[in-house]
Amino acid sequence: MQSILEAAINEWHASVNERDLERSARAVGNPIVVLGPKGAGPITPGQFAEWVERSGITLRPQSWHPISERLMIVEEDATWPESKTPTRVATVFRVADGKVTAALRLPNLRQALELAYICREMAATE
(Lines give C-alpha, C1' and ligand atoms only; values in the text may rest on other atoms or scores of the structure.)
Protein backbone atom coordinates (compact mmCIF):
# COMPACT_ATOMS: atom_id res chain seq x y z
CA MET A 1 0.00 0.00 0.00
CA GLN A 2 1.29 3.42 -0.98
CA SER A 3 1.90 5.98 1.77
CA ILE A 4 0.52 9.51 1.65
CA LEU A 5 4.11 10.70 1.18
CA GLU A 6 4.67 8.45 -1.85
CA ALA A 7 1.25 9.24 -3.31
CA ALA A 8 1.87 13.01 -3.15
CA ILE A 9 5.31 12.65 -4.75
CA ASN A 10 3.93 10.37 -7.47
CA GLU A 11 1.19 12.92 -8.20
CA TRP A 12 3.83 15.68 -8.35
CA HIS A 13 5.89 13.67 -10.88
CA ALA A 14 2.85 12.77 -12.98
CA SER A 15 1.61 16.36 -13.15
CA VAL A 16 5.06 17.73 -14.02
CA ASN A 17 5.87 15.06 -16.59
CA GLU A 18 2.48 15.44 -18.28
CA ARG A 19 2.88 19.25 -18.20
CA ASP A 20 -0.60 19.50 -16.75
CA LEU A 21 -0.47 23.00 -15.29
CA GLU A 22 -3.72 22.89 -13.30
CA ARG A 23 -2.83 19.49 -11.87
CA SER A 24 0.69 20.73 -11.06
CA ALA A 25 -0.75 23.68 -9.13
CA ARG A 26 -3.07 21.33 -7.20
CA ALA A 27 -0.20 18.92 -6.36
CA VAL A 28 1.72 21.49 -4.31
CA GLY A 29 1.21 23.45 -1.12
CA ASN A 30 0.81 27.19 -0.91
CA PRO A 31 3.61 28.05 -0.85
CA ILE A 32 5.97 25.37 -2.11
CA VAL A 33 9.65 25.85 -1.29
CA VAL A 34 11.89 25.13 -4.25
CA LEU A 35 15.63 24.81 -4.77
CA GLY A 36 17.34 24.47 -8.10
CA PRO A 37 20.17 25.85 -10.17
CA LYS A 38 18.40 29.20 -10.58
CA GLY A 39 17.72 29.82 -6.90
CA ALA A 40 15.68 28.93 -3.87
CA GLY A 41 12.65 30.16 -1.99
CA PRO A 42 8.92 29.92 -1.61
CA ILE A 43 6.66 30.25 -4.66
CA THR A 44 2.91 30.02 -5.19
CA PRO A 45 1.22 27.07 -6.89
CA GLY A 46 0.64 29.32 -9.91
CA GLN A 47 4.33 30.17 -10.09
CA PHE A 48 5.13 26.47 -9.81
CA ALA A 49 2.83 25.72 -12.77
CA GLU A 50 4.56 28.49 -14.74
CA TRP A 51 7.91 26.84 -14.00
CA VAL A 52 6.57 23.47 -15.22
CA GLU A 53 5.56 25.09 -18.51
CA ARG A 54 8.70 27.22 -18.89
CA SER A 55 11.26 24.55 -18.00
CA GLY A 56 9.83 21.70 -20.05
CA ILE A 57 11.56 19.36 -17.60
CA THR A 58 10.78 15.66 -17.28
CA LEU A 59 11.85 13.87 -14.08
CA ARG A 60 11.72 10.07 -14.12
CA PRO A 61 12.07 8.55 -10.63
CA GLN A 62 14.87 5.98 -10.32
CA SER A 63 15.27 5.31 -6.59
CA TRP A 64 13.46 6.29 -3.40
CA HIS A 65 15.15 7.09 -0.07
CA PRO A 66 12.79 7.65 2.89
CA ILE A 67 14.07 10.12 5.49
CA SER A 68 11.06 10.63 7.77
CA GLU A 69 7.26 10.57 7.68
CA ARG A 70 7.31 13.85 5.75
CA LEU A 71 10.64 13.73 3.87
CA MET A 72 11.72 11.57 0.94
CA ILE A 73 14.59 11.80 -1.50
CA VAL A 74 13.96 10.64 -5.03
CA GLU A 75 16.80 10.15 -7.48
CA GLU A 76 15.56 11.10 -10.92
CA ASP A 77 16.68 11.15 -14.51
CA ALA A 78 16.03 14.71 -15.66
CA THR A 79 15.65 15.78 -19.27
CA TRP A 80 14.89 19.14 -20.81
CA PRO A 81 13.72 19.93 -24.34
CA GLU A 82 17.28 20.84 -25.38
CA SER A 83 18.97 17.81 -23.76
CA LYS A 84 19.78 14.63 -25.63
CA THR A 85 20.58 12.44 -22.63
CA PRO A 86 19.18 12.36 -19.08
CA THR A 87 21.03 13.89 -16.15
CA ARG A 88 20.78 12.14 -12.78
CA VAL A 89 19.63 14.48 -10.00
CA ALA A 90 18.19 13.99 -6.52
CA THR A 91 15.24 15.88 -5.07
CA VAL A 92 14.37 16.25 -1.41
CA PHE A 93 10.58 16.27 -1.14
CA ARG A 94 8.57 17.40 1.88
CA VAL A 95 4.87 16.59 2.05
CA ALA A 96 2.08 18.00 4.23
CA ASP A 97 -1.67 17.41 3.92
CA GLY A 98 -1.15 15.25 0.82
CA LYS A 99 0.67 17.98 -1.11
CA VAL A 100 4.34 18.56 -1.91
CA THR A 101 5.41 21.58 0.14
CA ALA A 102 9.11 21.48 -0.78
CA ALA A 103 11.01 20.22 -3.81
CA LEU A 104 14.73 20.80 -3.33
CA ARG A 105 16.66 19.58 -6.38
CA LEU A 106 20.34 18.83 -5.92
CA PRO A 107 23.02 17.53 -8.29
CA ASN A 108 23.45 14.15 -6.60
CA LEU A 109 22.20 11.79 -3.92
CA ARG A 110 25.01 12.56 -1.45
CA GLN A 111 24.17 16.28 -1.36
CA ALA A 112 20.45 15.53 -1.12
CA LEU A 113 21.01 13.16 1.81
CA GLU A 114 23.09 15.78 3.64
CA LEU A 115 20.39 18.43 3.19
CA ALA A 116 17.55 16.06 4.09
CA TYR A 117 19.20 15.00 7.34
CA ILE A 118 19.72 18.65 8.30
CA CYS A 119 16.05 19.39 7.51
CA ARG A 120 14.93 16.38 9.55
CA GLU A 121 17.01 17.43 12.57
CA MET A 122 15.78 21.04 12.35
CA ALA A 123 12.16 19.85 12.29
CA ALA A 124 12.77 17.54 15.25
CA THR A 125 14.05 20.41 17.38
CA GLU A 126 11.21 22.90 16.73
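**Salt bridges and overall fold**

Glu 18 is exposed, with a relative accessible area of 51% (exposed means over 50%, buried under 20% and partly exposed in between, with a 1.4 Å probe and protein chains only). The model is predicted, so local features need pLDDT of at least 70 and side-chain atom pairs count only at pLDDT 80 or more, whereas totals for chains, interfaces and linings use all residues. Residues are numbered from 1 along each chain as its sequence is written, and side-chain values use heavy atoms, without hydrogens or water.

Glu 18 forms a salt bridge with Arg 23 (a side-chain nitrogen of Lys or Arg within 4 Å of a carboxyl oxygen of Asp or Glu). The closest N and O atoms of this pair are 2.7 Å apart. Arg 23 is buried, at 19% relative accessible area.

The whole structure holds 5 salt bridges. One of them links Glu 114 to Arg 110, with closest N and O atoms 2.9 Å apart. Both residues lie in helix H4 (residues 109–124). They are 4 residues apart, about one turn of the helix. Glu 114 is partly exposed, at 43% relative accessibility. Arg 110 is also partly exposed, with a value of 49%.

A further salt bridge joins the side chains of Arg 120 and Glu 121, at 3.2 Å from N to O. Arg 120 is partly exposed at 30%, and Glu 121 is partly exposed at 44%. Elsewhere, salt bridges with shared partners connect Glu 11, Glu 18 and Arg 23 into one network.

The protein contains 4 helices and 6 strands (DSSP runs numbered from the N terminus: H or I of at least four residues for helices, E of at least two for strands). Their order along the sequence is α-α-β-β-α-β-β-β-β-α. The radius of gyration is 14 Å, close to the 14 Å that the globule rule gives for 126 residues, so the protein is as compact as a globular protein of that length (the radius is taken over C-alpha atoms; the rule is 2.2 Å times the number of residues to the power 0.38). The C-alpha trace spans about 40 × 35 × 30 Å along its principal axes.

Of the 126 residues, 41% count as buried. Among contacts with a separation of 6 or more, 47% are between residues 24 or more positions apart (contact means heavy atoms within 4.5 Å). The protein exposes about 7200 Å², of which carbon and sulfur atoms supply 54% (Shrake-Rupley method, 1.4 Å probe).
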